[in-house]
Amino acid sequence: MTGKGGVGKTTVAAALGLAAAATGRRTIVCEVAEQDRVSRAFARHGVQAEQEVQLAPDLWAISIDPQAALEEWLAKRLGGGAAWRLLAHSHAFQYFVAAAPGAKELITIAKVWELAQLERWDRHNRTYDLVIVDAPASGHGVAMLTTPQTFAHIAHGGPISRQANKVADMLADPDRTGYVGVAIAEEMPVNETLDLERRLHDAVGLGLDTIVVNGMWPGRFSAADVKRLRTAAANGYEPAVTTALRAAVTMSDRARAQRAHLARLRRHARAPVKTLPFVFERELGIAEYERLAKRLAA
């Protein structure tokens, strides 16, 4: 899942995870920006990176730490022992990984691939039916998807090339991977989502499977209602009443503008467009995520 920054990707990812888990699919929501917003949203605090923490029945979350993921991959390749420890903690090797363009992204997306395998790098880890990736904002997210192809070509054989090719194959396989664009109904997010469709196809040969427009305000008033509200707001009522009338007009204007942007997105996007309502709460809790999950499931 990707989209312009600030559109609520993590919220939609968490809600989609709940919806999938409710069908009995063992699901993990994976954050790749070294954050743990999903686990904190479910009141799971103090979660360490790379820890697969259970949030609800059949639902887990993980925040990928590229360094820990690299060490896990090296342990698999080298079989643990002194050789693995020497390489994993070598300053020269760490400098190479930090300096190599795209290395961090490759390690991250390889860990995503690993989460989706029936045989994990660590055979004691559980397996999942669905991995939901809360990817970086669309520009960085698309760039991350191209790194396996880049490294496969650069490496010219060997374990890095083989791993990169496996990841690239999965990312381009519509039977194993789907892409969801997340937007809000405003001009720039809509523009970026339409551009994302094109750039995603150039990157992996696939388009968006669906687009979720988050944060839609309700259309509570008809055009005649709004006209009466505007007239009433100018009639000099006491301040509290005038403030409420103006708020109602502002809400109606915003909802109308959102509908116009949504209509433009639906006209030009190839993928189907779904919507989620704006949640009028200071903070989202499990009840709000469950409500959004039911909307997505429907």
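Arg-198 is partly exposed at 47% relative accessibility, a class lying between buried, which is under 20% relative accessible area, and exposed, which is over 50% (1.4 Å probe, protein chains only). Arg-198 forms a salt bridge with Asp-202, the closest N and O atoms being 3.6 Å apart, where a salt bridge denotes a side-chain nitrogen of Lys or Arg within 4 Å of a carboxyl oxygen of Asp or Glu. Asp-202 is itself exposed, with a relative accessible area of 56%. Because the two residues are four apart in helix α9 (residues 187–204), Asp-202 and Arg-198 are separated by about one helical turn; helices (H or I, at least four residues) and strands (E, at least two) are taken as DSSP runs and numbered from the N terminus. The structure is a predicted model, in which local features need pLDDT of at least 70 and side-chain atom pairs count only at pLDDT 80 or more, whereas totals for chains, interfaces and linings use all residues. Residues are numbered from 1 along each chain as its sequence is written, and side-chain values use heavy atoms, with hydrogens and water left out.

In total, the structure holds 14 salt bridges. One of them joins the side chains of Asp-225 and Arg-228 at 2.6 Å, N to O, and both residues lie in helix α10 (residues 223–233), three residues apart, or about one turn of the helix. Asp-225 is partly exposed at 24% relative accessibility, while Arg-228 counts as exposed at 53%. A further salt bridge links Arg-291 and Glu-288 at 3.9 Å, N to O; these residues are placed three apart in helix α12 (residues 286–297), again about one turn. Arg-291 is partly exposed, with a relative accessible area of 46%, whereas Glu-288 is buried, with a value of 12%. Elsewhere, salt bridges that share partners join Glu-52, Lys-111, Glu-114, Arg-120 and Arg-126 into one network.

Two loop residues were also examined. Gln-117, in the loop between α6 (103–115) and β4 (130–134), is buried at 17% relative accessibility. The side chain of Gln-117 reaches the backbone oxygen of Trp-113 at 2.8 Å. When neighbours within four places in sequence are left aside, Gln-117 is in contact (heavy atoms within 4.5 Å) with Thr-127 and Met-170. Asp-58, in the loop between β2 (53–56) and β3 (59–63), has a positive phi of about 65 degrees although it is not a glycine, and at 28% relative accessibility Asp-58 counts as partly exposed.

Note on methods. Polar contact = N/O pair within 3.5 Å; in protein donor to acceptor, adjacent residues only side chain to side chain.
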